[in-house]
Each structure stands twice: as structure tokens, then as C-alpha cells.
Amino acid sequence: MTLSARPLLSLILATLLGSLAAPALHAQGVPAPTAWNSLTPAQRDVLAPLRQQWDTLPPRRQQRMLEKSEQWVTLPPQKREEIRERIAHWQQMTPAERKQARENQRLFRQLPPEQREQLHAAYKRFQQLPPDRRAQLMKQWHAMPPAQRLRWLHRGQGR
Amino acid sequence: MNTPDQSRPGTSRPDNIPGNRIEQRARALYHEAARHIDPATAGRLRAARREALASTQQAQRPHHLARWLVPSGACAAIALAALLAWPSAPHPVATAPVTAATTAGETDNTLPPDPEQADPNLYQNLDFYGWLAANDSQPSTR
């Protein structure tokens, strides 16, 4: 065997050994899928909006949701119902709306604490208003120029 | 009388041992005879020597293969372990204390951002609620 052939042989052997061992080793890090029926009743309750797509979700994502649901199931029933409704609402949103919501979440986190409190308070007050009053406010809002709509949030960011 | 070990070629012994004297005498005879070999015979002997060496090298090939197989396998195993360990390093993030900032990207849009803290509707219409909050704090503008 010539000297020039030796590195080539090493490379081929390394590739062969690697290709044989990789699937076996990789399989060790992948969790097994979790069947919907194997969830506890409390987990099924809080994750109910995801029931239809649960079995199609990647095992890792299932695992992360189960980890989160372990915290949620310890909350009072009213709070669990609130989370379930929020998950259901999220499922109804389009990808563009979800993307916008995530961007707004980042913006929200950059606001000063008192401004975040004001936003939460405004949201709660709006939910308690009668439907006609809500519609009136929404109409007033849409009538405003876009730059004026964002003025309050950007004022908070610039502090 | 020589022991079997003393008569073995290559074993170092003093010159006055009888076995060594025989060896020296044999070598001298060989060199004397080699000087009188004709060129044709010498050529045949050289060719025979080359063939013998070549056959020895062929016999050693499987040994060379085995000698390279072990380090190659070791290198492959180390490289593979490094490759597999590298992407698994961030895994503790998934098992770390759950915070809204880290979990938002992990759920790949299946779950809303921090559903324990806020309704997605708040984030969806953040500018609207910002305007409402501003009006609430300044009733005269309403």
C-alpha cells in the first residue's frame, strides 16, 4: 500500500464508522412521542385546544408543553381556564397575527413597569365595557392616522 | 560444548567461544566464495533477493491495515462524539427555569407568549391598548 492511499483509507473508514454510529447515538437524545391519552386529566384540560394536533407535534415540543403544563395544573381552576382560553385564542390567530403579537410582546417588555401596568389596566377595563362602547372606541381608533396610534408606545420606549 | 542458546545467530558472545569462531569462519568462507561468483549468478541471486523481500512486504499488508484501522476508528469516534455533543450543549435551556423570554421561541408558535401573564389579545392590539391607557390617564382628551 502506498503512503498516499493511507489518508484516503482513513477518511473512508472514519466516514463509514461515523455513518454507522450516528443514527444510534442521535436516537438516544430524541424523546419518545407522548400520546394524548397518556396525559393526566388536568393536563388534557389545560391543553385541550391542542388536542387535534397533539399527535402530529414533534416529541420535543410535546415535552416542552408538558413541562409548562406541570406548572399550570397547580394553578387555581379559574386561572387554568384563563390559560386554556388564551391557548385557544392563539390557535385561531393567523401566522401573521402571531408574528405581530410576538413583536409586540418584545416591545411590551421594553416598556417601563408603570407603563406596562397602565396597559394591563386599560386592557382589563376594556374587557369590562359594554359591547357598544367597545365598538365605539375601536371605530375611533381606526379613524386615527397610523403614526398617531403608535405615539403612546414609542413615547414610553424613548424614556 | 555449545548450548543451543549460544549457537543462535546474532547472540553476542566473546570471540574465544567455539561457536563464534565457527560463525566467523563461515562468514569468511561466504565472502571468499561471493567474490568468485560470476555476474550472471550474482544477478540471479539479486533477483531472488528482491522477490523474497517483495513477498515479505505483501505478507505485512494486513498488518498495516490493522495498524491504521484502530487510529482511524478512534478519530471517527472522537469526531462523532464532538459533533453530537455540540448541538446538545444548549439542551439545559429547555430544562432551565421557565421564563417567558426563553420559552417564546421554543414553542414554535404552538403556544402564545407567556399565557400565564397576559392575553395574546393584549399583545395583538398593543398600540390600541396603549392609546386607551393614554386616554385613561388624560380624561380630557377622550
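The largest nonpolar core of this predicted model has 24 residues, and those with the most contacts inside it are Phe108(A), Leu119(A), Leu122(B), Phe128(B), Tyr129(B), Trp131(B) and Leu132(B). A nonpolar core is here a set of buried Ala, Val, Leu, Ile, Met, Phe, Trp, Tyr and Cys residues joined through side-chain atoms within 4.5 Å; buried stands for under 20% relative accessible area, exposed for over 50% and partly exposed for values in between, with a 1.4 Å probe and protein chains only. In this predicted model, local features need pLDDT of at least 70 and side-chain atom pairs count only at pLDDT 80 or more, while totals for chains, interfaces and linings use all residues. Residues are numbered from 1 along each chain as its sequence is written, chains are lettered from A in the order in which they are written, and side-chain values use heavy atoms, with hydrogens and water left out.

**The largest core**

- Helix H6 (95-110), H7 and helix H8 (131-142) of chain A, together with helix H5 (120-124) and H6 of chain B, each supply at least two residues of this core; helices are DSSP runs of H or I with at least four residues, strands are runs of E with at least two, and both are numbered from the N terminus.
- H6(B) gives the most to this core, with seven residues.
- Domain 2 (94-128) and domain 3 (130-159) of chain A both contribute residues, so the core lies between them; the domain bounds come from an automatic or database domain assignment.
- Leu122(B), in helix H5 of chain B, is buried, with a relative accessible area of 1%.
- Not counting residues up to four places away in sequence, Leu122(B) touches Phe108(A), Leu119(A), His120(A), Tyr123(A) and Tyr129(B), where contact means heavy atoms within 4.5 Å.
- Leu132(B) is in contact with Ala122(A), Phe126(A) and Leu137(A), once its neighbours within four places in sequence are left aside.

**A separate core**

**Aromatic pairs and cluster**

- Over all chains, a search of the whole structure finds nine aromatic pairs; rings of Phe, Tyr and Trp (its six-membered ring) pair if their centres lie within 6.5 Å, with planes under 30 degrees apart counted as stacked, over 60 as edge-to-face and the rest as tilted.
- The rings of Tyr123(A) and Tyr129(B) are edge-to-face, because their centres are 5.3 Å apart and their planes stand at 75 degrees.
- This pair crosses between chains, from Tyr123(A) in helix H7 (residues 113-128) of chain A to Tyr129(B) in helix H6 (residues 126-137) of chain B.
- Both Tyr123(A) and Tyr129(B) are buried.
- Phe128(B) and Tyr129(B) also form an edge-to-face pair, because their ring centres are 5.3 Å apart and their planes are at 65 degrees.
- Phe128(B) has a relative accessible area of 2% and is buried, and Tyr129(B) is buried at 1%.
- One aromatic cluster is formed by Tyr123(A), Phe126(A), Trp141(A), Phe128(B), Tyr129(B) and Trp131(B).
- Arg134(A) lies over the face of Phe126(A), at 5.8 Å from the ring centre; a charge sits over a ring if NZ of Lys or CZ of Arg is within 6 Å of the ring centre and within 35 degrees of the ring normal.

**Buried loop residues**

- Leu39(A) is placed in the loop between helix H1 (5-28) and helix H2 (41-46) of chain A, and counts as buried at 5% relative accessibility.
- Leaving aside neighbours within four places in sequence, Leu39(A) is in contact with Thr34(A), Arg44(A), Leu47(A), Trp54(A) and Leu66(A).
- The C-alpha atoms of Leu39(A) and Leu66(A) are separated by 8.5 Å, although the two are 27 residues apart along the chain.
- Asp114(B) lies in the loop between helix H4 (100-106) and H5 of chain B, and at 4% relative accessibility counts as buried.
- Phi of Asp114(B) is near 30 degrees, a positive value in a residue other than glycine.

**Chain totals**

- Chain A has ten helices and zero strands, whereas chain B has six helices and zero strands.
- Buried residues make up 30% of the 159 residues in chain A and 25% of the 142 residues of chain B.
- Chain A exposes about 10100 Å², with 58% supplied by carbon and sulfur atoms; accessible areas come from the Shrake-Rupley method with a 1.4 Å probe, and for residues only the protein chains shown count as cover.
- The accessible surface of chain B comes to about 9600 Å², and 62% of it belongs to carbon and sulfur atoms.
- Among contacts in chain A between residues at least 6 apart in sequence, 51% join residues at least 24 apart.
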